[in-house]
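Visitor: Please walk me through the ligand and metal sites of this model. Keep it brisk.

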There are 2 protein chains.
Amino acid sequence: MNKFLNNFDKIKFFFNGKECSIFIGFDLFKIKNFFEKFKEKDQVVIITNQRLYDLYYQEIRKSILTITNRVDKIIVSDGEKNKSLKTVIYVLNFLKKRRYSKNIVLVALGGGLIGDLTGFISSIYLRGTYFVQIPTSLLAQIDSSIGGKNAINYKDAKNMVGSFYHPNLILINLSFLNTVSDRQFQSGMTEAIKYGIAMDYSFFCWLENNYKKILFREKETIKYLVYYCCKIKSEIISQDPEENQNKRVLLNLGHTFAHAIESKLNFSDVLYHGETVSIGIVTSLKVANLINKFSKKNTNRIISLLKKFSLPLFLSKEMSYEDYLFFIQYDKKRIRRNQIDLVLPVEIGKSSLYRNVDRNIVIRAINSKIKNF
Amino acid sequence: MNKFLNNFDKIKFFFNGKECSIFIGFDLFKIKNFFEKFKEKDQVVIITNQRLYDLYYQEIRKSILTITNRVDKIIVSDGEKNKSLKTVIYVLNFLKKRRYSKNIVLVALGGGLIGDLTGFISSIYLRGTYFVQIPTSLLAQIDSSIGGKNAINYKDAKNMVGSFYHPNLILINLSFLNTVSDRQFQSGMTEAIKYGIAMDYSFFCWLENNYKKILFREKETIKYLVYYCCKIKSEIISQDPEENQNKRVLLNLGHTFAHAIESKLNFSDVLYHGETVSIGIVTSLKVANLINKFSKKNTNRIISLLKKFSLPLFLSKEMSYEDYLFFIQYDKKRIRRNQIDLVLPVEIGKSSLYRNVDRNIVIRAINSKIKNF
Ligand SMILES: NC(=O)c1ccc[n+]([C@@H]2O[C@H](COP(=O)([O-])OP(=O)(O)OC[C@H]3O[C@@H](n4cnc5c(N)ncnc54)[C@H](O)[C@@H]3O)[C@@H](O)[C@H]2O)c1
Ligand SMILES: NC(=O)c1ccc[n+]([C@@H]2O[C@H](COP(=O)([O-])OP(=O)(O)OC[C@H]3O[C@@H](n4cnc5c(N)ncnc54)[C@H](O)[C@@H]3O)[C@@H](O)[C@H]2O)c1
Ligand SMILES: [Zn+2]
Ligand SMILES: [Zn+2]
């Protein structure tokens, strides 16, 4: 094993007083055993889907087995449609049947879907268990595995039911990205671009300058990308864990529109989460232009970066503004029932939460075609 | 209004960094308006049952209306059977249909059932809302409204699904106790006796000395009783919010057996929660006698106090030890799947958590008749 592979990074932080460490590296599970803590635990239960089970379960299990032989798994169905109450009930029944105690570890092995689902179950089974994230998609490694937000979709409402429940440990094995499809990888990139636009100009520039290496998945570049995103996110969420201080909320840039699109598409994975966020960001740029004169130059710069990652800028099939407004009514940012609250960029690297945005402006932005940019 | 009625007590404390105040008084809603905070909120939703709606809803609504006119209610069915996922779904659908934002207040107006249910929903709707407890039963006023534990029963498993989510505000109107039946009132007394046995000898003596005044519901005595219990509970839970330090766990005295009985009775309210806890305490006394030689004298003293409040000491219809052991497998205290962990008294006013208690001793205690005491 060469020196680079032997190397891993650690980020330690606190979420509402609860300590969490992130370990990041290639071939993480070959470098060191990160499961010592499991010795005290009665049972380890890994929640994953069939694809990731086939790819990575044995590798992780082997590593855990050196600590404890009580390792079990639950396979749930893939696809955003299954981030649902039905799946939660399936897992609860499984845990109940085996009489697993509160002293278990629930391990999420998967992308954002598995992470959100497992986090939620971990927060409610016997009032909360030890929780570990092993994110496998780019999106999960740079964003969703950190910060303790979890949720399931409820009927047509995206992420309506969930909680804040931070993992105790996050293990990011960069090698897992090898099997992520290009389209999924690019979808994950939206969240990195989001960090840049919402709060970090120099990172945005770094993305512009390194997009080729990223797309090529050059190892050092990927490591820096993931590490830096984890650093941004962990800093924000430790300052503002439950989104009360107008800081963490900025990470919702683009998401109000994205969630509306996901709802409208019945969580069907026609578009991936990151792709809907890309479209949501573009719509937000338009709103920002109308509200705070967000410049055309910056708009073009952002659009150009999204394009580098082959991210969609608009829906191929139209979605009416009525549909948008209907689903925006489920948005969690609203402090008044009938208003629209949006995170909008002010410049690249700076954004702000705008409360009670004029409905007509939102409609204009939704209806404006990409050519108008 | 005389001076005594005009008077209210306040207890302020922190739960995991979250501030909470308890206000206690007779005719609380006539003394002062405690709802100022609701001004910032988009909507107030009171969760209650039909009986409590008929009795107290208008009084509370009137008080809130001076602050905001956005007051809504949800009526759920009474009875422990309805502390269920079905009711959670009913409430979630209601909130979703009205598009209520995260910036709502959920108010629990009721006993421990409504409190547990509302707390759980408040913790998961849009990842958490502002939460107020207005406990109406004695049990809820002295115990369940404080401490942030919530849960629903899941199939035959008592309190299997829930979270720790502390109310922002607890309003204890002692006058509400006027309509509580004697049997319910006495059932609630078990939790007070529990505090005495588990951790407060002088309070136990106070209960012995004042049982007549309590049963007579003498006003000053009731006020002291509720205030003192709130004080004990708030101190314990602010020191050990999530039951990790062997302190809060002591408040589970008697509950391992109680929950098994409730499960076996299908949450049917043949016995009330406090009544099953009374039986559970008596069984624990027997186990303690076998394990740490808990004295016969103290046992008799405790039994005698339980009897003063007409609390049951054993099940009228036998329950087999197999049934007990079956349901004990759902107990949240277990750190190993197949062991029995029990809180047992050491002397009156002192208790301890015993891990991995000998199964045969537990069986002997279950099988021993009350006459053996
Ligand atoms: N909690 C948060 O803070 C947060 C943040 C952003 C997004 N999310 C949520 O995350 C979800 C999106 O996450 P996602 O993009 O990871 O989607 P996902 O979890 O559905 O994964 C996408 C696909 O990639 C597959 N996959 C994952 N890792 C793989 C690997 N290493 N090799 C091969 N295939 C792999 C999955 O099986 C799936 O088919 C959405 O539900 C979104 O709402 C949550
Ligand atoms: N969260 C906790 O820390 C905690 C602690 C102890 C018990 N509990 C839970 O609390 C529940 C038991 O609470 P409970 O004993 O209050 O039962 P409950 O809520 O079922 O109330 C008992 C009965 O009294 C009625 N009632 C309540 N207040 C009344 C009033 N002022 N006037 C007339 N009728 C009134 C109710 O409608 C109900 O029929 C159980 O589910 C138990 O598991 C929770
Ligand atoms: Zn996202
Ligand atoms: Zn109780």
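Guide: What follows is a set of questions and answers on the ligand shells, the zinc ions and two further residues.

Guide: This is a predicted model, where local features need pLDDT of at least 70, side-chain atom pairs count only at pLDDT 80 or more, and totals for chains, interfaces and linings use all residues. Residues are numbered from 1 along each chain as its sequence is written, chains are lettered from A and ligands numbered from 1 in the order in which they are written, and side-chain values use heavy atoms, with hydrogens and water left out.

Visitor: How many residues are around ligand 1, and which come nearest?
Guide: A residue is near a molecule if one of its heavy atoms lies within 4 Å of it. There are 26 residues around ligand 1. Those that come nearest are A:Asp78, A:Glu80, A:Thr136, A:Ser137 and A:Thr179.

Visitor: How far is an oxygen atom of ligand 1 from an N or O atom in the side chain of A:Ser137?
Guide: Polar contacts here are pairs of N or O atoms within 3.5 Å; within protein, one must be able to donate a hydrogen and the other to accept it, and residues adjacent in sequence count only if both atoms are side-chain atoms. A:Asp78 places a polar side-chain atom 2.6 Å from a ligand 1 oxygen. A polar backbone atom of A:Gly112 lies 2.8 Å from an oxygen of ligand 1. For the side chain of A:Ser137, the distance is 2.5 Å.

Visitor: What percentage of the accessible area of ligand 1 does the protein cover?
Guide: Accessible areas come from the Shrake-Rupley method with a 1.4 Å probe; for residues, only the protein chains shown count as cover. On its own, ligand 1 has 860 Å² of accessible area. The protein covers 92%.

Visitor: Which element gives the largest share of the shell around ligand 1?
Guide: Helices are DSSP runs (H or I, at least four residues), as are strands (E, at least two), numbered from the N terminus. Two or more shell residues come from each of helix H3 (50–65), helix H5 (112–124), helix H6 (138–144) and helix H7 (182–199) of chain A. The largest share is 4 residues, from H3(A).

Visitor: Why does ligand 1 lie between two domains of chain A?
Guide: Domain bounds come from an automatic or database domain assignment. Both domains give residues to the shell, so ligand 1 lies between them. They are domain 1 (3–179) and domain 2 (185–372).

Visitor: How many charged residues does the shell around ligand 2 have?
Guide: Ala, Val, Leu, Ile, Met, Phe, Trp, Tyr, Cys and Pro count as nonpolar, Asp, Glu, Lys and Arg as charged, and the others, Gly among them, as polar. The ligand 2 shell has 7 nonpolar and 9 polar residues. Its charged residues number 10.

Visitor: How far is an oxygen atom of ligand 2 from an N or O atom in the side chain of B:Lys158?
Guide: An N or O atom in the side chain of B:Asp78 is 2.6 Å from a ligand 2 oxygen. The backbone of B:Gly112 has a polar atom 2.8 Å from an oxygen of ligand 2. For the B:Lys158 side chain, the distance is 2.8 Å.

Visitor: Which element gives the most to the shell around ligand 2?
Guide: Helices H3 (50–65), H5 (112–124), H6 (138–144) and H7 (182–199) of chain B each supply at least two residues. The top contribution is 4 residues, from H3(B).

Visitor: Which residues are the protein donors of the zinc ion (ligand 3)?
Guide: Donors are N, O and S atoms within 2.8 Å of the metal (3.2 Å for Na, K and Ca); water is not among the atoms, so sites may look incomplete. The donors lie 2.0 to 2.1 Å from the zinc ion. Their sequence spacing is E-x63-H-x17-H. They are A:Glu191 (OE), A:His255 (NE2) and A:His273 (NE2).

Visitor: How many residues apart in sequence are the parts tied together by A:Glu191 and A:His273?
Guide: Both residues are buried (under 20% relative accessible area; exposed is over 50%, partly exposed in between; 1.4 Å probe, protein chains only). A:Glu191 lies in helix H7 and A:His273 in helix H11 (residues 273–292), so the pair ties together parts whose separation is 82 residues.

Visitor: What is the relative accessible area of B:His255?
Guide: The zinc ion (ligand 4) has B:Glu191 (OE), B:His255 (NE2) and B:His273 (NE2) as protein donors. B:His255 is buried, at 7%.

Visitor: Which residue has a side chain in polar contact with that of A:Asp331?
Guide: A:Asp331 sits in the loop between H13 and strand E10 (342–347) of chain A. At 10% relative accessibility, A:Asp331 is buried. The contact is 3.3 Å, and the partner is A:Thr256.

Visitor: How far apart in space are A:Glu322 and A:Ile366?
Guide: A:Glu322 belongs to helix H13 (residues 321–328) of chain A and is partly exposed at 46% relative accessibility. A:Glu322 and A:Ile366 are 44 residues apart in sequence. C-alpha to C-alpha, the distance is 9.9 Å.
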